[in-house]
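Try each task yourself before you read its solution.

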Amino acid sequence: MRYLILSDIHANWEALQAIHAHIRRKRIDRVVFLGDAVGYGASPNQVVSWLRSLGSTLDAVRGNHDRVCAGLDSADYFNRYARQAADWTLEHLDERNLEFLKSLPEGPLDVTSWAALCHGSSVDEDAYVFSAYDAKMAFAGLDHHVIFFGHTHVPSLFILRDENGNQTLKVQLLTGRRLVLDLEPECRYLINPGSVGQPRDRDPRAAFAILDADQRRIYFYRVAYRASVARRRIVAAGLPPVLGDRLLYGA
Ligand code: ZN
């Protein structure tokens, strides 16, 4: 079974299309989505319609932006630009897409018996996993071999190795166009594939991963897309231009 792993699309249809083009000849059986389909970008309906079209081949959780943009939560804790984008998104979502967003569950969820997904952390959907301490909390919250997470928009990997009760934790930022990770049985993994639609690691390319569950192997990818088009559409929609500008720099 091969899973396409996507996180933090943020209504960026141009980035999602570039990923579609990239995987056209690859076998994908299911899609795993780690939350934040909308918010910031100008294409909430295209992105959510696509997720809906996956039907039972999709495993998905909600992100904090999905919750706020669907009107389930207040935008008070968002910054000014995110708040404007959330109001715009709620105004523009069509009825079926709004219902779909509202129905997305809070994580964590199982992908397989040994892999789980969540938005922020396994213990709190809104918590950020940046540090070794954050990672230890997230590992403690579940006993799966692999936990996929998003929310930080930074492709990253935490490896917890247990050798005769001696635990070591390795933290790695994932850079480059293509990386391969073979999962070892004596380790546990917290894996962030990065953000499809708003990368924040100074690399503007769309980020995603593919899990080959039979081989216990994960492929990480970055693909270039026409960020200038996504930016233009953000400005034309009347959204804050800064939300378009940051796409050009991956910031
Ligand atoms: Zn996000």
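This is a predicted model: local features need pLDDT of at least 70, side-chain atom pairs count only at pLDDT 80 or more; totals for chains, interfaces and linings use all residues.

**Exercise 1.** Which residue's side chain does Asp 201 meet in a salt bridge?

*Solution.* Residues are numbered from 1 along each chain as its sequence is written, and side-chain values use heavy atoms, with hydrogens and water left out.

Step 1: look for a salt bridge (a side-chain nitrogen of Lys or Arg within 4 Å of a carboxyl oxygen of Asp or Glu). The partner of Asp 201 is Arg 222, at 2.8 Å from N to O.

Step 2: Asp 201 sits in the loop between strand E10 (187–192) and strand E11 (206–212), and Arg 222 is in strand E12 (residues 217–223), so the pair ties together parts 21 residues apart in sequence. Strands (E, at least two residues) and helices (H or I, at least four) are DSSP runs, numbered from the N terminus.

Step 3: check accessibility. Buried means under 20% relative accessible area, exposed over 50%, and partly exposed in between (1.4 Å probe, protein chains only). Asp 201 is partly exposed at 22%, whereas Arg 222 is buried at 5%.

**Exercise 2.** Find the salt-bridge partner of Glu 14, and say where both residues lie.

*Solution.* Step 1: Glu 14 pairs with Arg 233, and their closest N and O atoms are 2.6 Å apart.

Step 1: Glu 14 belongs to helix H1 (residues 13–22) and Arg 233 to helix H7 (residues 227–236), so this bridge links parts that are 219 residues apart in sequence.

Step 2: Glu 14 counts as buried, at 12% relative accessibility, but Arg 233 is partly exposed, at 27%.

**Exercise 3.** Are Arg 67 and Glu 125 buried or exposed, and which network do they belong to?

*Solution.* Step 1: their side chains form a salt bridge of 3.2 Å, N to O. Arg 67 is in helix H3 (residues 64–69) and Glu 125 in the loop between strand E5 (115–117) and helix H6 (132–140), so the pair joins parts 58 residues apart in sequence.

Step 1: both residues are buried.

Step 2: salt bridges link Arg 67 and Glu 125 into a network with Arg 62, Asp 73, Glu 106 and Asp 126.

**Exercise 4.** How many salt bridges are there by this rule?

*Solution.* The count comes to 16.
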